[in-house]
Amino acid sequence: MSLQKPIPLRERLVVPRDLAKEYPIDLVTYLTDQLVPPPEVFLAKKNTEDAGFYVMPITGDKFNIKGRPPTAFESPEQVRKQEKPIKANQAPFRHIKDITMPKMEKYFMKYPAAKGFFLAEGDLCLKKGYTFDDWYREYGQVKEITWFGYKKILKQKGKLHYIVGNFMIYIPREKMGFLMERFSKQKADIFSDRFFTNLVIEGEVKLNPTSIAGEIEHVSAVAGGKVRKAKDCHLNTQLPLYETLKQGIRKVEIATIGGAGTHSEEAQKLIEKRRAEAAGKMSFLPANFRRSALGKPK
């Protein structure tokens, strides 16, 4: 009888589905004028959940941002206010400090079995094929705050200077007190990746040798409305910029419109076909986004 080779632990270990709730992910994002997060957040949430991670209910902020015109909101309780306006690129730090940390503290009180949580940017893009099982098998027992997702590492004179992009940082339950204390001591609003870079330099945060996540290409509020390029994200082609789709549908309507502002039957069928194609690509977006982009069928 021939002896079989032992199966490696990595292949033998079966990760329970409910285990992901012990390591939830909180996506840091803001609310648009429609009182919902931007489109890329919904794609990030769907992709992350498809990979087996548990994503917390999204809590978008609406800070008083310098240079952003005031907007009337229908739900005042969703509006975050502070005495002085802050810069757009400082909003993520304020969000983590004022929203994420208290939110996760409540989660740990409600779920004593929770081991820790991931702090992630709203445009999170996990490496293609990477799953919660992969993470848990390799890092499930980590006891240090660990920076797992970042864009690049900058050095000066051979020493670490700055880590760009806090796309995904794991915070063990045992480190919550330490981190909340550091946030309370940081009085001035700074870039969130500068805050965590300082902790890496101090030896309080471990930097994973390789990044397991990046960002979805998107229109960035932090970058003043510019498109933030992300060449290595496999989700870029799946994110329809709904304004572009809206314009495309309108072009079809204009090109096929009949006399006196009416659509011919053939033109109407073409328009509905385009709407259906766009709706399929936008299925991850909430209904109000889809209605805004697609309009109401005639």
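Mentor: Helix H4 is mostly covered, with 6 of its 8 residues buried. The model is a predicted one. The buried residues of H4 are Phe132, Asp133, Asp134, Trp135, Tyr136 and Tyr139. Buried here means a relative accessible area under 20%.

In soluble globular proteins, nonpolar side chains tend to be buried together. The largest nonpolar core in this model holds 31 residues. Those with the most contacts inside this core are Tyr23, Phe53, Phe118, Leu124, Phe132, Trp135 and Met168. Two or more residues each come from strand E1 (25-28), helix H2 (39-50), strand E2 (116-121), strand E3 (124-126), helix H4 (132-139) and strand E7 (168-172). H4 gives the most to this core, contributing 4 residues. Both Phe132 and Trp135 are among the buried residues of H4, and both also belong to the residues with the most contacts inside the core. Apart from this core lies another one, of 26 residues, which includes Phe93, Ala114, Ile145 and Ile163.

Other parts of the chain complete the picture. Helix H3, which spans residues 91-110, contains Arg94. Arg94 counts as buried because its relative accessibility is 15%, and the cut-off for buried is under 20%. The side chain of Arg94 is joined to that of Asp189 by a polar contact of 2.5 Å.

Although Lys157 is not a glycine, its phi is positive, at about 55°.

Finally, there is a pair of helices to consider. Helix H5 (residues 176-185) packs with helix H6 (residues 192-201) at an angle of about 120°, and their axes are 12 Å apart. H5 and H6 are therefore oblique to each other. Their crossing is right-handed. On the side of H5, the contact is made by Phe178, Leu179, Arg182 and Phe183. On the side of H6, Phe195, Phe196 and Leu199 take part. An α-helix has 3.6 residues a turn, so residues three or four places apart point the same way.

Definitions and conventions:
Residues numbered from 1 in each chain as written. Predicted model: local features only at pLDDT ≥ 70, side-chain atom pairs only at ≥ 80, totals over all residues. Heavy atoms only, no water. Buried < 20%, exposed > 50% of the residue type's maximum accessible area, 1.4 Å probe, protein only. Polar contact = N/O pair within 3.5 Å; in protein donor to acceptor, adjacent residues only side chain to side chain. Core = buried A, V, L, I, M, F, W, Y, C linked by side-chain atoms within 4.5 Å. Axes fitted to C-alpha atoms, helices over the stretch in contact; angles between N-to-C directions. Parallel < 35°, antiparallel > 145°, perpendicular 65-115°, else oblique. Left-handed = near helix turned anticlockwise from the far one by under 90°. Contact = heavy atoms within 4.5 Å.
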